[in-house]
Amino acid sequence: MSTVILTLRRAESGDPVLALPLVRRTRAPFDSEWALPGGWLTAAESPVDAAARTLAETTGLTPSYLEQLYAFGAVDRSPTRVVSIVYWALLRQDDVDAQSAAHRASGHAPENVRWFDLSERPPLAFDHDKIVDYALWRLRNKVGYSRVAQGFLPAEFTLSDLREAYQSILGRQLDPANFRRQVEATGNLIPTDRFRTGSHRPARLYRYDTDVELADHGPLGPEETSIR
């Protein structure tokens with residue numbers, strides 16, 4: 001099992017950027033190289049439970065969004081025959097900070113885990129660069145027809161927050177007026193009576209309609225998609 005975990009965090013420029021945690025390997029093959037967090041599937045757990053467990057053991061993180069990404073099984077992807085079921089997860093940065101701090105305080109946090117900006121990550125072991133690229137491709141495709149961007153946002157947010165998340169995912173700037181029209185036309189956003197105040201004009205806070213699933217799993221049941 002491997003997991004691509006993504007969050008949005010502020011770069012030194014102040015702009016939000018996608019970031020992910022990597023693990024420096026401590027054994028061959030690819031000793032001392034960086035890789036995605038992961039582990040083995042036991043006989044008593046489902047793939048989604050194993051993904052959640054290995055993620056928690058490695059990083060201390062419990063994601064708000066966890067979905068199976070793909071099964072990678074190229075014959076030459078490892079010196080031995082290995083097929084990996086890969087999940088991807090999204091987390092808010094404040095949850096990353098809080099959960100990582102609790103993991104360090106527990107005394108169980110590995111020292112070989114580090115977060116990298118997605119665009120500045122080092123070369124990865126095995127075919128993990130290909131897996132990360134595929135996760136980003138999937139995220140960019142889903143953001144256009146689902147509310148997957150909510151995985152990076154608090155329960156209530158401004159349209160500017162949402163546009164920044166879209167821009168970071170898509171890697172390009174979006175026209176504010178066109179963006180407002182498009183997201184309001186989806187019917188997934190509910191305006192609240194609250195506003196964010198500060199040095200600029202107060203901005204209305206919105207929330208997503210939680211009757212709309214974060215991920216559309218089609219006919220798959222919770223035994224295949226939910227963490228137990």
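Strand 2 is mostly covered, with seven of its nine residues buried. Buried means under 20% relative accessible area, exposed over 50%, and partly exposed in between, with a 1.4 Å probe and protein chains only. Helices (H or I, at least four residues) and strands (E, at least two) are DSSP runs, numbered from the N terminus.

On sources: this is a predicted model, where local features need pLDDT of at least 70, side-chain atom pairs count only at pLDDT 80 or more, and totals for chains, interfaces and linings use all residues. Residues are numbered from 1 along each chain as its sequence is written, and side-chain values use heavy atoms, leaving out hydrogens and water.

Now the pairing, which takes at least two DSSP bridges between two strands. Strand 1 and strand 2 run antiparallel, joined by four bridges, and Thr7 stands opposite Ala19. Their hairpin has five residues between the strands, and Gly14 there takes a positive phi near 95 degrees. Strand 6, residues 113-117, pairs antiparallel with strand 2 over five bridges; here Pro21 faces Trp115. Strand 3, residues 34-35, is also antiparallel to strand 2, with two bridges, and Arg24 is opposite Trp34.

Next, Leu20. Setting aside neighbours within four places in sequence, its contacts (heavy atoms within 4.5 Å) include Val4, Leu36, Trp115 and Val132.

A nonpolar core is a set of buried Ala, Val, Leu, Ile, Met, Phe, Trp, Tyr and Cys residues joined through side-chain atoms within 4.5 Å. The largest has 38 residues, and Val4, Leu20, Leu139 and Leu162 have the most contacts inside it. A second, separate core of 15 residues includes Val48 and Trp115.
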